[in-house]
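Q: Hi! Could you walk me through this protein model in plain words?

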Amino acid sequence: IVIDAIGGVASVLLPWVAGAYAVRALWRRAPAVPGVLAVGYGYLVGAFMATCAMRALSLAGIRWSLPVLAGAMIVLGAIAWRLARRTAPAGGRGLGLRQELAAEPPVLRWLFWIALALVAIRLAGLAVDVLAAPLRGYDQWAHWTTKARVWLEHGRMVPFVPPETWLARGDPALFTDGNPGHPGTIPLLQAWTATFLSAWNESLINLPWIALAVALPVAFFAQARLAGASAPLAMVAAWLLMSLPVLDGHIAIAGAADIFMGAAYGLAAMAAWRWSVTREAPMAWLAAVVAVAGLAIKVEGVLWMATLVPGVVVALNRRAGLVLAGAAVTAFAGWLAFGPDRLPMMGYALLSRPINVLPTLIDHVLVFDNWHLAAYALVAIVAWRWRILLAPRLAPMTMTMAAAVGLVVVVYFFTPAAVGVADETLVNRFLLHLAQALAFYALLLYVDG
């Protein structure tokens, strides 16, 4: 138990520290990045670095082992640390957190600490849930962990193929599972953690989900503070985010990719918006790195990351961005009016006639307790602040969120995925990918109002 505890902690801290230094290294020729931002983004960046190292070792024919993987991450971390050494003045970023809290009224200071305690309690409960339970849920043991177990036993990535290919070939070097086409990032993370343990453990291999659950509110808090939210408001917003039942549920039943997909999209969207306001080149690079990590998490990552493009275009040229958005809406309307019934696209089919899944969507978003009152709050704050939605500071994030909501509408109503919405297997998982970014957008509308 002690050996596994040490190994599990090391499997999380090695990529986290390396990733935090990698984030800091992006600002090595600019005023220093806040440490809390580096910590918040550091885990996802470091985890992606770890999986890239595993891919590289597999391609090179080097078998994975604890010394090899730990050594590779130590080397990457040392390089990141060397690059992160300051070569530019730190620059002023206002008062520190302690000084700012001291300047707040006592009620708001108490609000900050209460919200922080609630986040900590929520994370502790989720950690216990993850560590005390084996893999749960179909996707976990049919789509992801199958690859992790096979790759761990072979010490490298071996091919997974469709069942018909596996049956036809009869090759013992080929494997199959419920979805052999999924990207390898999530099973690589599980294999990474398992390498640090004394034996395969279906609970401990899910330590990355605990680490991400800690990193996500830290990154959200950091970006909220940079956006202008006070420390108490930013902490309350982080607590509200971490109280969402669907988000907590996907952390608790660890092993699937949706929470990582949502975190990657949310962190990329927040960084892209921050770049649109400040034009910090390091923030643009951070958004790009996290977006690339998102592409490697799920197949639909390319769709989510594509919704960042309208916001970037609006930030570069507001008029051109709005014109392109209008053109996209017009083109889609033309497709609905004159397009064929089905159009193959990226392995899916785009339909020109909608499938009515609105009753299911209303139930899960507005009636059931999957999202608490988040949908009502979002509609209310958008209606309240509608006059500033396209203001220069908010327009990039507004266009990003409009594109993301448009993606949800197209997938839910105009693709065969509507079947998954109707049978309630997809409706909340896909919305989870958007939840973190929407929460940040709601905070921006409140702060900028």
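Q: Great, what kind of model is it?
A: This is a predicted model, where local features need pLDDT of at least 70, side-chain atom pairs count only at pLDDT 80 or more, and totals for chains, interfaces and linings use all residues. Residues are numbered from 1 along each chain as its sequence is written, and side-chain values use heavy atoms, with hydrogens and water left out.

Q: Okay, helices. At what angle do helix 12 and helix 15 cross?
A: Helix 12 (residues 258-278) and helix 15 (residues 308-316) cross at roughly 5 degrees, and their axes come within 10 Å. Helices here are DSSP runs (H or I, at least four residues; strands are E, at least two), numbered from the N terminus. Axes are lines fitted to C-alpha atoms, for helices over the stretch in contact, and angles run from 0 to 180 degrees between N-to-C directions.

Q: And what does that make them to each other?
A: Helix 12 is therefore roughly parallel to helix 15. The cut-offs are: under 35 degrees is roughly parallel, over 145 roughly antiparallel, 65 to 115 roughly perpendicular, and the rest oblique.

Q: Which residues meet there?
A: From helix 12 there are Tyr 265, Ala 268, Ala 269, Trp 275 and Ser 276, and they meet Leu 308, Val 312, Ala 315 and Leu 316 of helix 15. Contact means heavy atoms within 4.5 Å. Sorted by class, this contact between helix 12 and helix 15 has 8 nonpolar, 1 polar and no charged residues. For the classes, Ala, Val, Leu, Ile, Met, Phe, Trp, Tyr, Cys and Pro count as nonpolar, Asp, Glu, Lys and Arg as charged, and the others, Gly among them, as polar.

Q: How about helix 1 and helix 9, what angle do they pack at?
A: About 45 degrees, for helix 1 (residues 2-26) and helix 9 (residues 207-226), with axes 10 Å apart. So helix 1 is oblique to helix 9. Their crossing is right-handed. A crossing is left-handed if the near helix is turned anticlockwise from the far one by less than a right angle, and right-handed if clockwise.

Q: Who makes that contact?
A: Gly 8, Ser 11, Val 12 and Trp 16 of helix 1 do, together with Leu 207, Ala 211, Val 214 and Ala 215 of helix 9. By class, the contact of helix 1 with helix 9 has 6 nonpolar, 2 polar and no charged residues.

Q: Is the crossing of helix 18 past helix 21 left-handed or right-handed?
A: Left-handed. Helix 18 (residues 374-384) packs against helix 21 at an angle of about 35 degrees, with the axes 10 Å apart. Leu 378, Ile 381, Val 382 and Trp 384 of helix 18 make the contact with Leu 438, Ala 442, Leu 445 and Tyr 446 of helix 21.

Q: Switching topic: how many residues does the largest nonpolar core have?
A: The largest nonpolar core has 135 residues, and Tyr 41, Phe 260 and Tyr 412 have the most contacts inside it. A nonpolar core is a set of buried Ala, Val, Leu, Ile, Met, Phe, Trp, Tyr and Cys residues joined through side-chain atoms within 4.5 Å. Buried means under 20% relative accessible area, exposed over 50%, and partly exposed in between (1.4 Å probe, protein chains only).

Q: What does Tyr 412 touch?
A: Not counting residues up to four places away in sequence, Tyr 412 touches several residues, including Ile 355, Val 357, Leu 361 and Phe 430.

Q: Back to helix 12. Is Trp 273 buried or exposed?
A: Trp 273, found in helix 12, is buried, with a relative accessible area of 1%. Leaving aside neighbours within four places in sequence, Trp 273 is in contact with Ala 227, Arg 393, Met 397, Phe 440 and Leu 444.

Q: And Arg 274, buried or exposed?
A: Arg 274 is also in helix 12 and is buried, at 11% relative accessible area. Beyond its neighbours within four places, the contacts of Arg 274 include Gln 223, Glu 280 and Arg 279.

Q: Where is Arg 279, then?
A: Arg 279 is in the loop between helix 12 and helix 13 (281-295). Arg 279 has a positive phi of about 60 degrees although it is not a glycine. Most residues other than glycine have a negative phi. With 41% relative accessibility, Arg 279 counts as partly exposed.
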